[in-house]
Every structure is written in structure tokens, then in C-alpha cells.
Amino acid sequence: MRHHNIPSAIPDGERNTHLGSHLSAEAADAGLNFLSPAIHLLAVREMLLREENAAYDEDRLVGNALSSQPLVFNAFGPLALDLKLATKVFRQLLPSFVQMVDKVTFEHSPGRRVGRAEHDDRWLADRSAVDVALHVRTPEGESGIIYCEIKYSEDQTGPAARWRDRYDQALKQVRLYKDPSSRLLRSVELEQLTREHALSQLAVDNGVTPRAMFIAIGPRLNRRVQAAFQVYANELLPLDESDRSRVAFRHFTLEAFIDAIDVAGDQDTADRLWQRYCNFQRVYDAALSLLAPKAQPLAPTGGSSDEDQLHRKQDSKPSSRRRSSATAKSDQSAAAPEANRNGQ
């Protein structure tokens, strides 16, 4: 925020009145929580034209730089505004599922197109929704939807959503889990993934789309989130590749998603996303300047040392080198654990 002259909500000379990640009211209203005016306009439009009963926290979206809500628009907004870019990105990440991206929607629940999903037992009888839905065409020419959940700074400690009787029924109905009664699926760390994956399977079962996939994205260094993805994957039944109605689960690091944007040709967006959300060297340097203000940094901040460059490459800084499509594709996971070069 300081680098881009974005004022925080903390008044001059005061401390602890707000988190430092909160923008001032003026900065929030000006759309400075977004990477570009076009993405800000997209976010405002999506809020105004939201699906019935879709939940947006406007304060978090426009005013909290660490919330996953603005990350959703900053990461997927460029794809929604450029479907050719979206196609190139997801051909890398999910080549066996994506031939073309036709549309990107936000804060989406598949039941809303056929009635009030919160009162419809064909669904979950609640307001569960995914952050993003990408309507695609598969290599076989079928229609499909990729349902996406994006995490950033969430620590997965609660509170959990109120568990409903309908969830118990749905977990058995969707036939995704080794043990539909597992307490892990109901835990605060996993229950949102459980609801959204079940909702994705119900979208196929209820005829919204013939094919679907559920994916989750989170930073490599948010270890709680990455652990939740892997534990959740371990609760799933092995995927029967011959049954195309089954909704698979895949998870990716945020760094690998940004890397795919770079490989797809939009290095500027990739660099800005990486600098804002994944360049944790800047956090380290800021903390060091407060804890040991007279100490000399171990390496120049700009990444000029060989050691710092190595760390940045390991974290998949998009501008550190051009990647091949084959390298980017290695971030897929064919089984439960994530298999990518950045997030083992």
C-alpha cells in the first residue's frame, strides 16, 4: 500500500485503531484495492448484478487488502475480461478438462438459476456458493463448469457454518467420500470445501452441467490452507476415470496460478499479482526494519543477490524467467495430493 501511495485507515500518529491492511474510506471508494480501474469496475458491476441472495461483504471487498474477496477479482478479473487469456491459463492448469473458457462468473451457486436454492432440497438448502465459476468447453466438445474456491490469509480456525441435516443427506447422496459421516468433513478446516464440492456434484446430478470440476487455490506459504486441501483430498473416494459424471477435486498454489498467467502471455498482470500477494520477502524486510532498525539486511531488498533470486524462483516469481507450457502443466494433481513444482 505504501509502495503505491494507498493510505490506510489508521489515522496519522495513531496505532491499533485498524489493521494496517484496511484502506482509508477514500482509497476504498476510489477502487484502490484492485489492480486496475477495469477490475474495480468489474467488481462493482458484479456486486450490483449479483445472483439473487448472493453474499458480498462490501467492506472486505473494497477496503481490506488481505481479504480473499479482492484477490478473487484481482486474480480472475483479468480472465473474465479476456476469455482468450482465461483459455490459455486453464489449458495449462487443466488440459484434460479445458479446451475453451466461455464465461467467468463470481459468487455463484448452481441452484440459483433454477429457483431459490436455500429452499430447494435438490441442493443444500442454504446460501453456499463458490467464489468463481468458469463455464468451459472440454476437449471432447462437452459443456463443463469449473467451480473455484480461493483462499489467502484465512487461518482456518473458525467459526464454522452451522451444520444442517441436509448436509448429512447430501454427503451420502453425492457419493464422493470414503466415509460420508467423517468428522473431518464437518471440521472448521474442511466444511466449506465439503459443502462446495458437494454443491458442484449436485450441479451435475441435477442437470445444470454435464461435466464439472471443483478446484481450490491458496498461497504456498499458508500452511494451514495447504494442509486443509490435502487432508480434504484424502477423504475422497478414488476417481473412476470412466465415470464422467464424477466431479474431481484439484488444488493449486496461488504461485502456480500466477505462473500460468505469465506463461499465457500476460506477464504484467502476473508480476503485479506476485508482488502484491506472494512477495513475502517484502514482509520479512518490513518486519526486520521494525525489530532491528539498525541492522543491515542480509541481502538487498530488490532481489539483486544470487541467493534472493533463487528464493524468488522457488516461489515462482513470474518475471524471474519465462516458463514453458510443459513446466506449468506440472502443477496438476492426478491424485489427491497436490503435485506441483512450487508446493510440495
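Trainee: Which backbone oxygen does the side chain of Arg 246 reach at 3.2 Å?

Mentor: That of Arg 175. Keep in mind that this is a predicted model.

Trainee: And what lies 2.6 Å from a polar atom of the Arg 246 side chain?

Mentor: The backbone oxygen of Val 174.

Trainee: Where does Arg 246 sit in the fold?

Mentor: In the loop between α8 (223-234) and β5 (248-253).

Trainee: Is Arg 246 buried or exposed?

Mentor: Buried. Its relative accessibility is 11%, and the cut-off for buried is under 20%, so Arg 246 qualifies.

Trainee: What does Arg 246 touch, leaving out residues up to four places away in sequence?

Mentor: Val 174, Arg 175, Leu 176, Gln 201, Asp 205, Ala 212 and Leu 239.

Trainee: Switching to helices. How many helices and strands are there?

Mentor: The protein chain has 13 helices and 5 strands.

Trainee: Take α4. How many of its residues are buried?

Mentor: 12 of 14, so α4 is largely enclosed by the rest of the structure. Among the buried ones are Pro 70, Phe 73, Phe 76 and Leu 79.

Trainee: Where does α4 bend?

Mentor: At Ala 75, by about 35°. A proline, Pro 78, follows within four residues.

Trainee: What end-to-end span should α4 have, and what does the model give?

Mentor: At 1.5 Å a residue, the 14 residues (68-81) should span 20 Å. The end C-alpha atoms are 19 Å apart, which agrees.

Trainee: What happens at the start of α4?

Mentor: A side-chain oxygen of Ser 67 comes within 3.1 Å of the backbone nitrogen of Gln 69.

Trainee: Now the core. Which residues have the most contacts inside the largest nonpolar one?

Mentor: Phe 76, Val 89, Phe 90, Leu 94, Leu 134, Ile 146 and Phe 257. That core has 54 residues. Its largest share, 6 residues, comes from α4. There is also a second, separate core of 32 residues, including Val 204 and Phe 249.

Trainee: Last one. How much of the chain is buried?

Mentor: Buried residues make up 50% of the 344. The accessible surface comes to about 16600 Å², and 51% of that belongs to carbon and sulfur atoms.

Methods. Residues numbered from 1 in each chain as written. Predicted model: local features only at pLDDT ≥ 70, side-chain atom pairs only at ≥ 80, totals over all residues. Heavy atoms only, no water. Helix = DSSP H or I, 4+ residues; strand = E, 2+ residues; numbered from the N terminus. Expected span 1.5 Å × (residues − 1). Bend = angle between axes of the 7 residues up to and from the residue. Buried < 20%, exposed > 50% of the residue type's maximum accessible area, 1.4 Å probe, protein only. Polar contact = N/O pair within 3.5 Å; in protein donor to acceptor, adjacent residues only side chain to side chain. Contact = heavy atoms within 4.5 Å. Core = buried A, V, L, I, M, F, W, Y, C linked by side-chain atoms within 4.5 Å. Areas by Shrake-Rupley, 256 points an atom, 1.4 Å probe, with all protein chains shown as cover.
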